[in-house]
Amino acid sequence: MRYALIAILALLALLIIAPPLLGTGWQYALINALIAALFAAAFNLLVGQGGMLSFGHAAYFGVGAFTVIHLMQSVEYGDIPFPTVLLPLAGAAVSLLCGALAGFFATMRSGVYFALVTLALAELLHSLAPHWDEMFGGEAGLSSMRMPSLGFTFGSTLEVYYLTLSWVVICIGLLYAYTRTPFGRLTLALRDNEQRIRFMGFNAHGTKIVVFAISAMFSGVAGSLMAISNETANYSVFSTQVSALVVLHTFVGGSTIFFGPIVGACVLSLFTFVVSGVTHSWMLYQGIIFVLVMLFAPKGIGGVIQAHIEQRHALPWKRLAAPYALATLAGLMVACATVFVVQSLEIVLSREYAAAVARTGEYAPYTVFAREWQVFHPFTWLFPVLLLVPGLYLLRRAFARIQTLWDKDDDDDNGDIAAAPRELMEGGH
Amino acid sequence: MPRWITTAAAITALGVIAPAVQAEPLKIAIIESLSGPQTSTGRLIATAAEYVIDQTNANGGFNGEPIQVKEYDNAGDTSGAATKFREAAADGAHVIIQGASSAIGGQVTEDVRKHNIRNPDNPIIYINVGAEAMELRGKKCHFHAFHFTTTAPYRTVPLMQVMSEQGDLGKRVYSINQNYSWGRDMEAAIVDNADRFDYQVVDKVLHEVNRIQDFSPFVARIKSENPDSVITGNWSNDLLLLMKAVGDANLDITFGTIFMDQPGNVANAGDVAEGHYVAHSSNIELLDEAGTEAYKKATGHYPVFIEPTTLNGVGLFAEALKKVNFDGGDIDVNEIALAMENTTFDNGLGGMHVRKADHQAVIPIVVSQVASGVKYPVDGTELGFKPIKTVAGEDAIYPAQDSCRMRRPK
Amino acid sequence: MEFLIVSTLNGVIYGMLLFMVSAGLTLIFGMMGVLNFAHASFYMLGAYFAYTLSGLFNFWVGLIVAPLLVAIIGMFIERYMLRRVHAHGHAHELLLTFGLVFIFEELIKLFYGDFPVNYQRPDYLNFAIFNLFGTDYPFYRVFIGLVALLMFIVLFVLLTRTRVGMVVRAAERLPDTARALGHNVPMVFLGVFGAGAALAGLSGAVAGAFFPTNPNMALELGVIVFVVVVVGGLGSLAGSLIASLLIGVFSSFAVGLDWSLASLFSLIGLGDWANSLGGLVTMPLSSISATVPFLLMLIVLLVRPAGLMGSKN
């Protein structure tokens with residue numbers, strides 16, 4: 001626990017000190033990662049702790065964003081004085097109300113049916129919003145400008161970053177504190193055994209509504225921060241993609257651990273930021289990562305880390321070092337092979353390449369991994385095979401070894417890692 | 001890999017000697033939908049824009065340096081565009097080119113406006129090559145935004161004028177459009193011109209955007225009104241599916257369209273496509289053959305759909321660059337913007353320039369008809385777009401909107 | 001009258017197409033409790049495979065082989081992915097298929113590009129079957145309807161009249177008993193998943209030649225298929241058929257109806273007041289028709305979650 005606290009404080013210090021040294025592009029990417037982290041944490045209150053899988057959380061995120069943009073417009077035109085730093089409060093309040101209302105209906109159902117109700121609600125909003133110009137500004141959306149507040153102009157990205165950071169840290173702190181309250185523990189019971197809540201004399205439906213509304217409220221704060229940072233809000237914020245992304249973030253990070261979704265959101269948003277500038281297939285990579293995590297680490301990245309922390313005294317670290325290094329190497333080989341094949345296909349099958357072939361009549365060499373490759377040279381296609389096959393074999397060996405070493409100490413956790421290699425083959429293509 | 005297009009070799013070949021002081025290279029950011037559903041349009045815009053810049057670079061670049069172009073993928077949504085705008089600004093972009101969506105156009109133009117208010121010493125120019133919403137030239141207009149596409153009334157009026165002259169408009173006109181600002185702009189333009197071209201709007205439909213799979217019910221509804229012609233501003237899937245349903249029903253009514261030249265439409269409509277009209281800002285049939293062949297040689301296809309608009313817009317920008325000279329020193333973006341206001345560019349159909357009041361480009365509009373026996377058949381059919389008449393920009397354009405109040409730099 | 005007949009015909013045939021896609025989904029859900037998000041992706045894969053095959057061989061080869069290829073992919077997913085995560089619960093299975101949606105869409109874009117591909121039916125299928133009030137009615141629409149009808153009959157007979165169907169139904173209702181009786185239940189699941197995928201693939205192969213075959217087709221149809229399955233009752237084949245037809249006919253008629261909330265108010269004499277509100281209240285149904293299926297789905301979920309025909313869960 002002490003180590004965790006030190007780690008969090010160190011991370012916080014880094015988040016405070018580092019950004020001024022980065023370019024505005026990175027500062028903005030960090031703002032987005034922080035917002036995604038808060039959204040995922042809020043979403044996970046419902047999913048990870050309450051056991052209710054929502055496919056329409058974009059609705060509450062978007063409501064927060066639109067509330068704030070309306071308020072910002074009023075402030076900009078001088079109708080209402082409202083400090084910029086407190087704007088998310090308004091988003092939170094309206095999202096809370098909407099969440100309570102939607103939650104009342106959605107929580108009448110459970111399981112798949114609950115997921116479908118949330119999906120239908122969000123889709124309903126998404127399909128109606130573009131027709132309601134006064135409220136959502138049509139397809140162009142609404143825009144405004146941040147007004148100076150508390151001596152800050154909020155003109156620079158850095159100032160917005162610190163505003164976002166403060167709100168995200170406070171909200172994640174509150175969400176964490178929530179899990180420690182008696183009501184937070186009741187939420188967990190909701191996931192594990194709803195019957196028991198009833199027998200204990202609590203109102204299960206009422207409890208679910210409250211959880212739903214709180215989750216919506218924090219999603220609304222995330223949406224508010226997005227609106228403040230972008231200074232616009234558009235109906236596409238209600239789209240399925242936004243709902244889908246938070247699901248992706250949460251489960252890649254691991255929904256059973258409080259910090260899992262936060263890790264997942266940060267990692268994936270920054271991954272998107274870096275990779276989307278390099279390849280157009282970044283969504284493919286994101287999908288592959290998600291499916292691999294679902295298959296081999298059902299508790300997500302956070303789950304794997306947690307398992308290691310829990311077992312840190314029991315594990316034979318020295319003997320594990322070699323297989324871990326081997327697994328990393330083999331994993332890199334498989335990843336390289338996959339990336340090589342995808343990038344090669346992206347280039348060779350593109351319209352530009354076809355045009356070049358039609359123009360010159362020859363298949364020009366292309367560049368991947370800073371090396372030129374001939375399309376029809378056998379080595380070009382032997383190369384990924386040479387990486388993939390031994391990679392998969394080594395991965396399998398390494399995981400078998402890791403499994404044996406883990407099993408010596410405990411039998412219950414992380415059996416999932418071990419059986420990985422065979423199915424990596426399917427995910428890798 | 002970031003595609004910084006550098007043609008240093010070309011410059012050395014031309015013998016341009018770089019000045020002793022490091023010259024500031026002009027940086028252009030293309031913020032487009034390069035993944036996600038609108039990729040096809042975004043890709044075309046990027047291709048055409050890069051083609052023009054490549055040519056400028058082959059002729060020595062700008063300010064003694066090759067122009068640097070970088071593509072930014074906005075993934076087809078506004079928040080992606082916001083992210084990429086900030087990235088581009090951080091990379092020191094002077095110019096942003098975008099076009100595949102009016103919603104994203106709205107985001108980009110607002111971002112540019114706010115950036116320029118906050119950074120008056122480092123302003124950015126927004127070159128809009130595809131977003132057609134009236135609002136961008138109205139309430140959201142500003143000095144650093146230039147719009148090289150048309151808007152609904154800009155294209156609809158020449159379209160109906162030519163159809164009327166050809167006797168194909170008739171007295172009964174049907175309006176079918178998408179239910180968002182563009183479609184509503186279209187519908188308004190169709191209704192407003194009823195007296196001018198002496199017709200009656202027998203029915204007007206606004207339908208959901210890109211959600212309808214089966215357009216045959218709409219065809220049934222059109223058929224039941226028995227119109228002489230149908231005017232539609234539909235684009236992408238909504239036009240493709242409408243054309244397919246029209247083709248399947250063998251409905252022989254003349255369609256006046258804005259985006260018929262988007263690849264795929266003619267093939268899907270089949271034989272009934274013949275005789276349909278399209279109003280576009282360029283027609284390859286009228287262009288200089290050497291130019292179109294050169295384009296094909298570089299990109300693998302003739303300029304289609306949104307590409308000519310992009311070529312024109314970025315072309316005018318490149319022309320304006322010739323008028324300014326920073327002698328290898330720092331680039332003053334405002335000076336480039338002022339030069340753009342005073343540049344006339346020959347796009348092969350006549351001169352085009354930018355109107356000072358709202359920075360809308362004044363471009364000639366070509367009204368063409370789908371016909372066989374053309375030089376450039378499309379979609380693997382025998383049909384292509386036969387130019388009927390070119391309407392000069394001054395005759396086609398409407399007065400600048402009152403809602404545009406542009407503040408010019410001092 | 002003309003509008004009525006044409007719209008009904010159009011609606012029924014669109015409904016049959018929806019049924020064809022949703023039949024596999026409802027079958028899989030009924031049997032395995034897996035809500036397969038990637039089902040519409042199977043539909044897309046079917047269309048693309050058929051496109052490639054029809055280019056290499058001919059249209060009919062595409063129509064027959066494409067569903068088989070999709071079935072193989074489906075079985076692969078069931079055997080090596082779904083079965084693997086089964087122990088973690090239905091939510092996990094659902095999430096897995098959700099991830100697959102991204103992968104399939106991006107792979108299609110990687111191989112076929114972002115533009116629609118030109119997948120066309122052969123010319124000899126391209127004729128008008130009859131003429132309705134001066135408008136040609138294309139044969140291919142009727143063909144889609146016939147394929148769907150044939151599929152429904154085959155499925156129905158297979159499930160209710162044959163031994164295979166008996167085993168399948170037994171494995172669905174009482175998996176343990178079925179296993180005790182010596183039936184290979186995992187094998188049955190594998191077969192059902194493959195068959196469900198094949199049905200989606202078949203509908204893609206048939207419909208892709210009528211509607212454009214593009215990388216967004218899964219996205220466009222995906223949600224509406226969910227609506228069909230929910231309204232019909234999760235797991236009920238007959239319910240799916242009825243819901244598909246309902247939604248098909250409704251979408252067809254919504255186009256021609258200029259109803260709005262305001263016209264509803266005017267029935268009780270509040271028309272002027274409602275019109276003065278503007279906004280959503282005066283929006284005609286035709287322009288927000290895509291909203292209605294979601295509303296329908298929401299109402300069904302809240303009022304009668306078992307759907308029209310589903311058994312109470």
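Me: Domain bounds come from an automatic or database domain assignment. With that in mind, how many Å separate the centres of domain 1 of chain B and domain 2 of chain B?

Reply: Please keep in mind throughout that this is a predicted model. Taken over C-alpha atoms, the centres of domain 1 and domain 2 of chain B are separated by 30 Å. Domain 1 of chain B is assigned to 8-150 + 285-361, and domain 2 of chain B to 152-280 + 364-396.

Me: How many residues of domain 1 of chain B are in contact with domain 2 of chain B?

Reply: There are 14 residues of domain 1 of chain B in contact with 21 residues of domain 2 of chain B. Sorted by class, the domain 1 side of this contact in chain B holds 8 nonpolar, 3 polar and 3 charged residues.

Me: Into which domains is chain A divided?

Reply: The assignment for chain A gives domain 1 (2-291) and domain 2 (311-427), and the C-alpha centres of these two domains of chain A are 34 Å apart. The contact involves 6 residues of domain 1 of chain A and 4 residues of domain 2 of chain A; on the domain 1 side of chain A, 3 of the residues are nonpolar, 3 are polar and none is charged.

Me: Turning to the chain interfaces, how many residues does the contact take from chain A and from chain C?

Reply: The contact takes 37 residues from chain A and 37 residues from chain C. On the side of chain A that touches chain C, the elements giving two or more residues are helices H5 (112-128), H11 (240-253), H13 (282-296), H15 (317-348) and H19 (420-427) of chain A. H5(A) gives the most to that side, with 10 residues, and by class the side of chain A that touches chain C has 25 nonpolar, 5 polar and 7 charged residues.

Me: And which element gives the most to the side of chain A that touches chain B?

Reply: The contact between these two takes 31 residues from chain A and 32 residues from chain B. H2, helix H10 (204-230) and helix H16 (351-360) of chain A each supply at least two residues of the side of chain A that touches chain B, and H16(A) gives the most to that side, with 5 residues. The class count for the side of chain A that touches chain B is 10 nonpolar, 17 polar and 4 charged residues.

Me: Which residues have the most contacts inside the largest nonpolar core?

Reply: The largest nonpolar core has 350 residues, and those with the most contacts inside it are A:Leu38, A:Phe39, B:Ile96, B:Ile127 and C:Val70. Helix H2 (residues 24-49) of chain A contributes the largest share of this core, 19 residues. If residues up to four places away in sequence are left out, C:Val70 touches C:Phe42, C:Leu45, C:Gly46, C:Phe49, C:Ala197, C:Ala198, C:Ala200 and C:Gly201.

Me: How many helices and strands does chain C have?

Reply: Chain C has 13 helices and 2 strands. Buried residues make up 53% of the 313 residues in chain C. Of the contacts in chain C with a separation of 6 or more, 75% are between residues 24 or more positions apart.

Me: Where in chain C does UniProt place the feature "transmembrane region"?

Reply: The unreviewed UniProt entry places this feature in several spans of chain C, among them residues 12-37 and 94-112. In the model, residues 12-37 of chain C are 81% helix and 0% strand, with end C-alpha atoms 25 Å apart, whereas residues 94-112 of chain C are 100% helix and 0% strand, with end C-alpha atoms 27 Å apart.

Me: What order do the strands of the open sheet in chain B have?

Reply: Strands of a sheet pair through backbone hydrogen bonds, either parallel or antiparallel. The open sheet in chain B has 3 strands in the order S11-S12-S13, with antiparallel pairing; its edge strands, S11 (345-346) and S13 (361-362) of chain B, each pair on one side only. Strand S12 (residues 351-354) of chain B is joined to S13(B) by 2 bridges, and B:Val354 stands opposite B:Ala361 in S13(B).

Key:
Residues are numbered from 1 along each chain as its sequence is written. Chains are lettered from A and ligands numbered from 1 in the order in which they are written. This is a predicted model: local features need pLDDT of at least 70, side-chain atom pairs count only at pLDDT 80 or more; totals for chains, interfaces and linings use all residues. A nonpolar core is a set of buried Ala, Val, Leu, Ile, Met, Phe, Trp, Tyr and Cys residues joined through C-beta atoms within 7 Å. A residue is buried if 20 or more other C-beta atoms lie within 10 Å of its own, exposed if 12 or fewer, and partly exposed in between; C-beta atoms are placed from the backbone. Helices (H or I, at least four residues) and strands (E, at least two) are DSSP runs, numbered from the N terminus. Two residues are in contact if their C-beta atoms, placed from the backbone, lie within 7 Å. Ala, Val, Leu, Ile, Met, Phe, Trp, Tyr, Cys and Pro count as nonpolar, Asp, Glu, Lys and Arg as charged, and the others, Gly among them, as polar. Two strands pair if DSSP finds at least two bridges between them. UniProt positions are given in the numbering used here, feature names are shortened, and annotations may be inferred rather than shown by experiment.
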